[in-house]
Amino acid sequence: MWIYEKKLEHPVRITRPNVKFAKLVITQYGGPDGELSASLRYLNQRYSMPTDMAKATLTDIGTEESAPVGYK
Amino acid sequence: MMKCDNKQAALLRKIQEMEFVAIELNLYLNTHPCDQCAQNDFNCAVEILRKLKDKYECEFGPLLNFGFGSTTKNPWQWSEGPWPWEM
């Protein structure tokens, strides 16, 4: 299950918005090799890992890769 | 970045700083599990972080939903602003 932490990890202040750059960043999140795709792969592949350490690592990274989606 | 914009922002900034310490030490201990100093530092950081979060949640509402945060008098505070991207 998922719980959501109602705070950002780091403070964010955008002093000069840049549409081109924003488009690039969004592609990184949602594109074919984006954070979201990677996150889903890790979270699904951890079930077939042979060691506890591997399961834990994929869980941690998969969860962490979901974080950028929250920033949107 | 206006750290002293208001009390809420300032306290949240302290939480972010302490959390950074805890995360970094956690990651370090993943590869250096026998480092006693780091373990002690981590435990101290966690203690401080918990106190800061309790203080924040008491005044400004929960940081976690579904009952994972501290209980507050007003149970509807979760849905109240400001939300993280509005701060």
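1. In this predicted model, the side chains of B:Glu47 and B:Lys51 meet in a salt bridge, with a nitrogen-to-oxygen distance of 3.4 Å. The two residues are four residues apart in helix α2 of chain B, so about one helical turn separates them. B:Glu47 is partly exposed, its relative accessible area being 42%. B:Lys51, by contrast, counts as exposed, because its relative accessibility is 54% and the cut-off for that class is over 50%. In general, side chains of opposite charge can pair when their charged atoms come close.

2. Salt bridges with shared partners also join A:Glu5, A:Lys7, B:Glu19 and B:Lys53 into one network. Over all chains, a search of the whole structure finds eight salt bridges. The count between chain A and chain B is two. The next two points take up individual pairs of the network.

3. A:Glu5 forms a salt bridge with B:Lys53, and their closest N and O atoms are 3.2 Å apart. A:Glu5 lies in the segment before α1 (19–30) of chain A, while B:Lys53 belongs to helix α2 of chain B, so this pair joins two chains. A:Glu5 has a relative accessible area of 26% and is therefore partly exposed. B:Lys53 is among the buried residues of α2(B).

4. A second pair crosses between the chains, from B:Glu19 in helix α1 of chain B to A:Lys7 in the segment before α1 of chain A. Their side chains meet in a salt bridge at 2.5 Å, N to O. Are these two residues buried or exposed? Both B:Glu19 and A:Lys7 are buried. For B:Glu19 the relative accessibility is 10%, and it counts as buried because the cut-off is under 20%. Residues up to four places away in sequence aside, B:Glu19 touches A:Glu5, A:Lys7, B:Leu49 and B:Lys53.

5. The wider interface may be described next. Chain A and chain B bury about 1700 Å² between them, with 62% of that area on carbon and sulfur atoms. Twelve residues from chain A and 24 residues from chain B take part in the contact. Across the interface, eight residue pairs are found in polar contact, both residues being at pLDDT 80 or more. Sorted by class, the side of chain A that touches chain B has six nonpolar, one polar and five charged residues.

6. Helix α2(B) deserves a description of its own. It has 25 residues and reaches 36 Å from its first C-alpha to its last, close to the 36 Å expected at 1.5 Å a residue. Its buried residues are B:Ala38, B:Ala45, B:Val46, B:Leu49, B:Leu52, B:Lys53, B:Tyr56 and B:Glu57. What covers them includes α1 (7–31) of chain B.

7. How is the N-terminal end of α2(B) capped? B:Asp35 caps this end, with a side-chain oxygen lying 3.2 Å from the backbone nitrogen of B:Cys37. Just after α2(B), B:Gly61 takes a positive phi of about 100°.

8. The phi of B:Phe66 is near 55°, a positive value in a residue other than glycine. B:Phe66 is found in the segment after α2 (36–60) of chain B, and it counts as exposed, with a relative accessibility of 61%.

9. B:Gln77 is also found in the segment after α2 of chain B. Its relative accessible area is 13%, so B:Gln77 is buried. Which residues are in contact with B:Gln77, leaving aside its neighbours within four places in sequence? They are A:Lys6, B:Glu59, B:Phe60, B:Gly61, B:Pro62 and B:Thr72.

Methods:
Residues are numbered from 1 along each chain as its sequence is written. Chains are lettered from A and ligands numbered from 1 in the order in which they are written. This is a predicted model: local features need pLDDT of at least 70, side-chain atom pairs count only at pLDDT 80 or more; totals for chains, interfaces and linings use all residues. Side-chain values use heavy atoms; hydrogens and water are left out. Buried means under 20% relative accessible area, exposed over 50%, partly exposed in between (1.4 Å probe, protein chains only). The expected span of a helix is 1.5 Å times one less than its number of residues. Contact means heavy atoms within 4.5 Å. A polar contact is a pair of N or O atoms within 3.5 Å; within protein, one must be able to donate a hydrogen and the other to accept it, and residues adjacent in sequence count only if both atoms are side-chain atoms. Buried area is the accessible area (1.4 Å probe) that two parts lose on being put together, summed over both. A salt bridge is a side-chain nitrogen of Lys or Arg within 4 Å of a carboxyl oxygen of Asp or Glu. Ala, Val, Leu, Ile, Met, Phe, Trp, Tyr, Cys and Pro count as nonpolar, Asp, Glu, Lys and Arg as charged, and the others, Gly among them, as polar.
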